[in-house]
Amino acid sequence: MCSAVDGRSEKSVTKSVEKSVAKAAEALFEVQRADGSWPNRRPTAVLGTAGALAALHFADRERSNDLIERGAAWLAGAQNADGGWGGVAGASTQLVPTVIAAASLHLVSPNTSREPVQRALDLVKSYGGTEALTDPGMAHMAATFLALAGLQDPHASRRIPLELLLLPQRLWRRRLSFRVAPFIAMAFIQARHRPPEARLQRLLNRLARPAGLRTLARVERGENARGGYGGDNWLAAVVCLGLTCAGAPRRAVLDAVDYLRANVHPDGSWHIMQGLDLIGGSYVARGLADAGYRADPRLVRARQWLRGCQQEEAFEVYGAPPGGWGWEGPRGWPNFLDSANVLAALAAGGEAGEGDAGDAHLRRGLRWLASRQDRQGSWGTFVPDTTLPNDGPCPYVTAQCAEVLLDGGVSRRHPVVRKALDWLLAHQRSDGSYEALWYRGLTPGTAMALVALSRAGLAGHPVARRARDALLRNQLPDGSWGPGEKGTPGDDPSPGTVEETAWALRALLACGMPADDPRVRRAAEWITTAQRPDGRWDASAVCMHIRGFASYVDGLIVDGLALKALGDYRSAVAGHPYEKQEAS
């Protein structure tokens, strides 16, 4: 017997879910490439554009003048009504993109951009200036760009100790982590525009410069494209500036210049991350598997593509052995979050009869992931046991790694899994929530932690119950979830998003809430009604490019999350709840 909730019966919502899943799968398989991958939509970005303009201005002004003029016009047109810029055009104003965009506009077109630049600077001042940035690295980056544009005294920032690179790599790797490339670039820029006054500092800079250039060259050797540091136009631009200021070999500078020139959009803008197809594709592959397409030959082909992107070479700068995945292909920056996502997609195909070769990639990846665990049981993102707050430890990544190890057949009693669960149990916030380094707000981290604890048979633990209650408190009146940063029900100023609603729905089902619970049903219904006529979903800026300071959207992640949540809802309706028996 079906009870009506908000005018919709369980049978009606289930029928909508079935149609939604089928429509999304059809749309995704229609655009799938022959190699099994999916093309990702890359929205243009303020940081990518502003950084590219500054880099081309210093490194390639004569040849790239037309690109600079078009980019400046785009950047000026993307300014918000309040005078600021967000991570992408039209997004809410954020301080870092505002500072970088204003500095770049003043740098490349000082005569025609006075009014928009002044509006931005007034806004930055009202925020408390760059001193208001709580991340020292980003505060330094913002101040450096202002100094490059002549808008701030270059002596206002502390000196960057490039001589840190003269120490053994094991001593600076944990401190710098994935920021090693921008650290070196910023030090080069600073040394050029603010030469050290003390004789010892000048000596240290001269001694450290070759080490900095060698380290950048080692990073670039591990990339998928020459000059494409991190597969990121913003980072490539920052490194290009640093190489130019350091007087690096012209070939190294031109590689970065050519990379930027190759990635400009027809409207004059640049996106940020170049190759997000791998990470987005892994979400889609897992989502389609959970939605009932596990053995579909097209999804088998997708898993073959994912296996082919497993890295066969060590990424020495991070101390990472072969066996992991990055976000853009078989090379690049191996990290724990993307590796866990790919492994989740591969583990979901375990019953599809893909043979020993598929199992070998999965087992190798699981061993790689386990080897990168922090001593305390958590995972960060790039370097184990890092002291860089923006790398780790991360509750979301820790929970996802624990879940995928369980999915891969590792027992919850295994020391690696047990330590991860213990860490999660000990690091919950007082309100029951968890944070995530690479996704905004509290909904993703709380949801993923609840999934991992439930997957390990701990759904009844007080910590898991508090996480569930934290999610339920922050469900919005329409059934969706936003960032979840307010403790009062419905008191979230941000509207709901498909991504955050899907994360929350999947977690509530994982911890045993029935599909006929009104709160669960409303969430599933909300996702189906948010679907576009073409079968896909609109992405929201929930992914963090720079934690707390710049976000971006991913058009594949949203589809994968929606399918995963709706697939779990359908299984719960059919009497096959998400929670599985723990691996023995």
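Me: Is S16 buried, partly exposed or exposed?

Reply: Good place to start. Buried means under 20% relative accessible area, exposed means over 50%, and partly exposed is in between, using a 1.4 Å probe and protein chains only. S16 has 23% relative accessibility, so this residue counts as partly exposed. S16 belongs to helix α1 (residues 10-31); helices are DSSP runs of H or I with at least four residues, numbered from the N terminus. One caution: this is a predicted model, where local features need pLDDT of at least 70, side-chain atom pairs count only at pLDDT 80 or more, and totals for chains, interfaces and linings use all residues. Residues are numbered from 1 along each chain as its sequence is written, and side-chain values use heavy atoms, with hydrogens and water left out.

Me: How many aromatic pairs does the structure hold?

Reply: A pair of aromatic rings is described by the distance of the centres and the angle of the planes. Rings of Phe, Tyr and Trp (its six-membered ring) pair if their centres lie within 6.5 Å; planes under 30 degrees apart are stacked, over 60 edge-to-face, and the rest tilted. Here there are 15 aromatic pairs. Take Y396 and Y439: their ring centres are 5.0 Å apart and their planes at 55°, so this pair is tilted. Y396 sits in helix α16 (residues 395-407) and Y439 in the loop between α17 (415-426) and α18 (443-455), so the pair ties together parts that are 43 residues apart in sequence. Y396 is buried at 2% relative accessibility, and Y439 is buried too, at 5%.

Me: Which residues form one aromatic cluster?

Reply: The members are F178, F315, Y318, W327, W333, F382 and W438.

Me: Where does the charged end of R298 sit?

Reply: The rule is that NZ of Lys or CZ of Arg must be within 6 Å of the ring centre and within 35 degrees of the ring normal. In this model, the charged end of R298 sits over the ring of F29, 3.9 Å from its centre.

Me: How many cavities of 30 Å³ or more are there?

Reply: Rolling a probe the size of a water molecule over the atoms shows where empty space is left. On a 1 Å grid over the protein atoms alone, a cavity is a set of points where a 1.4 Å probe fits but cannot get out, and lining residues have an atom within 4 Å of a point. Grid points are joined across faces, edges and corners, and a volume is the space filled by probe spheres set on the points. The count is six, and the largest cavity holds about 100 Å³. Its lining includes H140, D153 and R194, and α6 gives the largest share, five residues.

Conventions: Helix = DSSP H or I, 4+ residues; strand = E, 2+ residues; numbered from the N terminus. 1 Å grid on protein atoms, 1.4 Å probe; cavity = no way out; pocket = protein on both sides within 12 Å on 5 of 7 lines; lining within 4 Å.
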